Number of protein chains: 2
Amino acid sequence: MSTKEIALAKTRDALTEHRLDAMVASSPANVCYTAGTFFRTMISIPDRLGMVSVPADGEPALIYCTIEIGHARDESWLTNLVGYTEFADRPIDVLARMLTEQGCADGRIGLEMRHLSAGDYERLVAALPRASFVPVDAVFDRIRAVKTPAEIDLLADAARKTDAAIRAGFASARIGDTELDVAAAMIAAAQESGALKVHHHTLATGAHGFKTHAEAGTTTLRPGDVLRTDLGMTWPGHYLSDVAHVAFVGEVSPAQSEMYKKLESVQQEVGSAMRPGMLASDVFRQCRKTFAEIGLDFSLPHVGHSIGLGLHENPMFHPFDDSPLETGMIFMLEPLVRGLDGLYHVEDMIEITETGSRVLSRTADWSEPMVVA
Amino acid sequence: MSTKEIALAKTRDALTEHRLDAMVASSPANVCYTAGTFFRTMISIPDRLGMVSVPADGEPALIYCTIEIGHARDESWLTNLVGYTEFADRPIDVLARMLTEQGCADGRIGLEMRHLSAGDYERLVAALPRASFVPVDAVFDRIRAVKTPAEIDLLADAARKTDAAIRAGFASARIGDTELDVAAAMIAAAQESGALKVHHHTLATGAHGFKTHAEAGTTTLRPGDVLRTDLGMTWPGHYLSDVAHVAFVGEVSPAQSEMYKKLESVQQEVGSAMRPGMLASDVFRQCRKTFAEIGLDFSLPHVGHSIGLGLHENPMFHPFDDSPLETGMIFMLEPLVRGLDGLYHVEDMIEITETGSRVLSRTADWSEPMVVA
């Protein structure tokens with residue numbers, strides 16, 4: 001089956017399982033998953049909603065702002081495309097009419113309550129007084145949690161190329177360069193290998209690196225500094241990558257090397273223990289335990305997440321997520337530790353296989369600290 | 001007064017005017033406006049809320065995820081910083097406790113109903129059963145609509161540097177280059193002049209350019225093609241730029257030149273007519289009328305928007321926005337027309353002055369079509 005067919009089949013199965021008359025996708029990732037298109041302005045201009053209504057009977061409909069008509073027509077695999085004129089129509093009113101046309105005005109309708117705004121929700125409830133509404137955020141999470149082989153190929157390729165781009169960026173860095181210089185080289189390498197654009201990019205050196213999400217600026221690389229990056233790019237098909245590494249400028253001190261190798265050994269130990277049936281919260285606890293055994297301070301609320309069309313997808317490795325790991329899930333394992341000279345961070349992609357797990361993202365030997373310049 | 005003092009004074013005035021006991025900022029732009037800090041993950045990981053509760057009496061509080069502690073401590077001008085542990089605490093529960101501590105559990109509380117999620121809203125209403133809640137999206141819009149001189153300086157500088165970066169990107173483009181090559185040169189020029197990162201970047205040539213928000217890909221520049229870009233960068237202080245232009249590859253045909261100059265004349269005519277007291281909807285109608293007079297098809301739902309910490313701020317130039325223009329408002333005027341060979345688009349920053357208006361963004365003579373390569 002194609003990605004489109006699998007997405008539609010899984011959504012229809014969920015409609016049956018949860019006795020729903022319709023499910024409405026409204027977050028960018030779920031719209032992309034159900035319709036095959038991604039509207040950038042759903043993020044940069046949040047009032048400009050895109051939504052997909054998938055009824056139990058009949059064709060799914062994509063509701064889009066007419067400004068995005070080129071994207072909807074070229075990219076979406078859906079054929080029922082319903083445009084609204086921004087400001088003349090309110091998109092949530094268009095959804096209410098669509099649900100009525102789909103025969104769901106008296107029905108049980110699943111909504112993304114973590115995403116739909118309170119104002120739009122109130123207006124929808126008022127427009128469809130006989131309908132009942134149920135949260136389906138976790139249902140969509142569940143649908144997307146186990147990846148198809150095609151999705152795994154896309155994600156693994158994206159992660160490997162991101163790993164290689166980080167290595168290339170570090171390799172080209174020189175003492176005296178600014179963070180922005182290094183960041184530009186890394187992004188150029190990722191784009192050279194097929195990435196479309198930056199999703200997120202932490203890159204910082206020295207004291208600047210203590211901010212978890214510090215972005216590249218004019219700080220220059222100085223000998224002895226730790227250089228940390230966490231790079232996420234958007235790839236064809238709108239899948240994301242998310243890989244983190246550190247390097248050391250000019251030289252690596254024994255203390256730096258020791259902390260680096262400790263974190264690396266946590267990563268290897270926890271990653272290789274992952275297997276089907278283990279709980280997501282077990283991975284968190286295993287990581288915390290390994291930190292303690294090796295003598296590293298642990299203060300993380302989570303140590304990793306699933307990834308796909310969204311960045312932090314569920315399941316996640318935090319103490320309250322008791323989802324069992326399943327074959328075909330794809331995780332980013334990312335322990336982080338606060339050193340005296342900055343944050344030490346490593347993030348790799350790990351696939352849950354039938355018998356255990358395997359690292360998908362590494363393209364170089366990161367077991368020894370990398371020294372740049 | 002400093003930006004911080006002005007932001008706080010305006011918010012307190014709004015609390016009095018609207019008889020509110022507290023206003024809660026939850027969108028990235030309003031959190032940045034009221035607290036002076038911007039958490040990138042509020043966009044990339046939407047469940048990781050940041051919020052500011054500003055009570056009528058007492059100190060405003062910034063609620064942030066502890067992962068973002070470095071950003072909160074270094075950037076925010078607020079001193080009441082309340083961190084929550086992701087997954088252990090639900091941020092909306094932390095807000096409910098904060099509003100109770102601030103003496104607002106029985107009060108009238110303003111919320112961003114366009115931004116707060118339906119799920120969080122329901123949980124907040126249940127946690128504070130004696131409070132009443134009112135939408136304050138438009139109140140925040142109004143507070144931020146007239147910019148301070150310091151904000152105007154920041155925005156004008158960002159727009160001018162973006163205009164110059166577009167010109168530099170076009171100037172370095174060559175026949176056979178890919179869209180990605182041109183995009184990288186443009187972004188590098190913007191970063192060289194002080195931009196921190198890309199906010200949005202449309203760049204497309206040939207048939208690809210018919211998509212309103214087409215992003216740079218591997219399409220190559222061919223003689224005779226129109227090349228369009230709409231570039232928004234993030235600048236220090238988290239203010240945004242947003243400038244659009246077209247150029248022509250290798251040569252410009254008489255038909256292309258004619259359409260370019262028609263659009264340019266619309267831009268000059270509508271821009272120079274803007275003045276205090278004119279309605280935002282008047283600008284839309286004036287633009288539509290000028291399109292008709294000059295013989296261009298008009299099918300736009302809006303022709304421009306305010307800008308600041310957010311991209312599309314209100315007032316906006318659409319037929320339903322009857323806000324009067326005021327001295328100190330900053331607009332992006334951006335008519336767009338569909339040519340036979342792609343979209344023609346121009347977007348400039350215009351300041352409303354005491355007596356009329358002036359263009360702030362242009363750093364080059366764009367009156368004649370620019371030919372690249």
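Helices (H or I, at least four residues) and strands (E, at least two) are DSSP runs numbered from the N terminus, and strand β11 of chain B, one such run, contains B:P315.

The structure is a predicted model, in which local features need pLDDT of at least 70 and side-chain atom pairs count only at pLDDT 80 or more, while totals for chains, interfaces and linings use all residues. Residues are numbered from 1 along each chain as its sequence is written, chains are lettered from A and ligands numbered from 1 in the order in which they are written, and side-chain values use heavy atoms, without hydrogens and water.

**View 1. The open sheet of chain A has five strands.**
The strands follow the order β11-β10-β12-β15-β16 with antiparallel pairing, where two strands pair if DSSP finds at least two bridges between them. Its edges are β11 (313–316) and β16 (357–359) of chain A, each of which pairs on one side only. Strand β10 (residues 304–306) of chain A is joined to β11(A) by two bridges in the antiparallel sense, and here A:H305 faces A:M316 of β11(A) as its opposite residue.

**View 2. Strands β13(A) and β14(A) form a hairpin.**
Two residues separate the strands of this hairpin, and four antiparallel bridges connect β13 (residues 336–339) with β14 (residues 342–345) of chain A. Within the pairing, A:L336 stands opposite A:H345 of β14(A).

**View 3. Cis peptide bonds occur in both chains, at A:N314–A:P315 and at B:N314–B:P315.**
In chain A the bond between A:N314 and A:P315 has an omega of about 0°, and A:P315 belongs to strand β11 of chain A. In chain B the bond joining B:N314 to B:P315 likewise has an omega of about 0°.

**View 4. The buried residues of helix α11(B) pack against a neighbouring helix and strands of chain B.**
Buried (under 20% relative accessible area, with exposed over 50% and partly exposed in between, 1.4 Å probe, protein chains only) are B:A280, B:S281, B:V283, B:F284, B:C287, B:T290 and B:F291 of α11(B). These buried residues pack against α10 (254–273), β11 (313–316), β12 (330–333) and β13 (336–339) of chain B, and just after α11(B) the residue B:G295 adopts a positive phi of about 85°.

**View 5. The largest nonpolar core has 95 residues.**
A nonpolar core is a set of buried Ala, Val, Leu, Ile, Met, Phe, Trp, Tyr and Cys residues joined through side-chain atoms within 4.5 Å. The members that touch the most other members are A:M23, A:L62, A:F170, A:M274, A:F317, A:L325 and A:Y344, while helix α8 (residues 149–172) of chain A, with eight residues, gives the most to this core. Leaving aside residues up to four places away in sequence, the contacts (heavy atoms within 4.5 Å) of A:M23 include A:T11, A:A14, A:L15, A:V52 and A:F140. A second, separate core of 56 residues has B:A195, B:M259, B:V283 and B:V372 among its members.
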